[in-house]
Amino acid sequence: MLTTAEPHSAITPVLTTTVAREYVHRAALSEVLMTGWNKLGRDVFTATAQWPRSHSFYMPEHGLHDPLLLCETIRQTSTLLAHVGYHIPLGHHLTWSRLQYVLAPEALRIEARPAEIQLHVTCSDIRYRRSVPVSMAMHLEIARDGNPLAMASVRFASHTPAVYKRLRAGRGEVGEVFAKAPQPPEPVSRSTVGRLRKQDIVLAPTPERQRWQLRVDTSHPVLFDHALDHVPGMLLLESVRQAAHAMEPGRAAAVLPTSMDVSFNRYIEFDEPCWIEAEPALTTVSSPGARSTIRVNAVQKGFFAFHASAELADAAWV
């Protein structure tokens with residue numbers, strides 16, 4: 001006879017799982033960070049996420065979580081709440097226009113367990129069409145294990161399939177555009193951008209100092225988790241970090257973007273070269289623990305498609 005040590009009346013433990021991958025626009029279950037959400041009131045929500053202690057792309061450095069893991073959490077939160085909180089259909093396309101965040105780098109330290117992330121989200125400036133939002137802003141107060149981690153805001157638009165098709169007129173179907181994306185150029189050296197794997201490098205060299213070609217590798221399993229018809233925002237954020245490292249290629253420690261203010265102005269296409277241009281906004285002080293600031297533009301066909309300013313810290317001195 002099979003027996004159990006626990007009586008049948010034992011209390012069932014509370015179980016945790018991730019949200020459906022479709023709600024955060026991910027194909028791989030392993031890339032889903034969000035674990036739940038709740039509605040507190042009109043346009044006010046909470047959400048939860050968990051960060052692994054190691055990640056294949058958002059790699060920890062000097063015992064710290066990668067700040068871009070925060071950006072991916074913000075992205076997943078915005079898509080999750082757009083779908084479950086405002087009933088935007090899954091077939092609609094969500095497009096960022098602005099992202100801002102500032103974080104406490106000491107709160108990124110890796111502990112003995114995965115980091116439990118809590119997000120308090122207030123939505124505003126919501127424009128509706130036929131009772132479905134077409135644009136909104138989200139303000140996020142983010143904590144880790146109950147302690148302050150970051151403040152952030154994001155603005156995005158939602159397009160029906162018909163509207164998106166008109167916006168992307170002449171580009172073809174997503175699968176077709178994705179399949180025809182050209183092979184990426186050879187990257188800069190690993191030491192230039194502080195990346196160990198060639199596939200993770202998003203900059204290619206040019207003859208000009210502080211100017212690179214954006215390297216778009218559609219076979220990347222994280223940046224291109226699924227087929228797209230344009231360059232994703234997270235790849236552009238990674239280009240900011242790598243450009244910052246390339247400004248001081250001899251540095252041994254990782255660059256931590258502790259804050260960013262980002263504008264997404266145009267879709268960046270696969271079939272035209274995109275140039276990443278960087279300049280220091282403030283003179284970098286070489287003393288240990290000093291911060292620096294960088295401005296980065298992405299230019300395609302003569303247009304500024306993307307602009308970012310970022311404050312940077314040296315991971316070794318957090």
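Mentor: Start with burial. Buried means under 20% relative accessible area, exposed over 50%, and partly exposed in between, with a 1.4 Å probe and protein chains only. Note that this is a predicted model: local features need pLDDT of at least 70, side-chain atom pairs count only at pLDDT 80 or more, and totals for chains, interfaces and linings use all residues. Residues are numbered from 1 along each chain as its sequence is written, and side-chain values use heavy atoms, leaving out hydrogens and water.

Trainee: What makes C274 buried or exposed?
Mentor: C274 has a relative accessible area of 3%, so it is buried. C123 comes to 5%, so C123 counts as buried too.

Trainee: How do you know how many disulfides there are?
Mentor: A disulfide needs a pair of cysteine sulfur atoms within 2.5 Å. The count by this rule is zero. For C123, the nearest cysteine sulfur is that of C71, 18 Å away, and C123 is in no disulfide. C274 is in no disulfide either; its nearest cysteine sulfur, again that of C71, is 18 Å away.

Trainee: At what angle do helix α1 and helix α5 pack?
Mentor: Helix α1 (residues 67–84) and helix α5 (residues 233–247) pack at about 160°, with axes 11 Å apart. That angle makes α1 roughly antiparallel to α5. The cut-offs are under 35 degrees for roughly parallel, over 145 for roughly antiparallel, 65 to 115 for roughly perpendicular, and oblique for the rest.

Trainee: Which residues make the contact?
Mentor: Contact means heavy atoms within 4.5 Å. L68, C71, E72 and R75 of α1 meet M234, L237, E238 and R241 of α5.

Conventions. Axes are lines fitted to C-alpha atoms, for helices over the stretch in contact, and angles run from 0 to 180 degrees between N-to-C directions. Helices (H or I, at least four residues) and strands (E, at least two) are DSSP runs, numbered from the N terminus.
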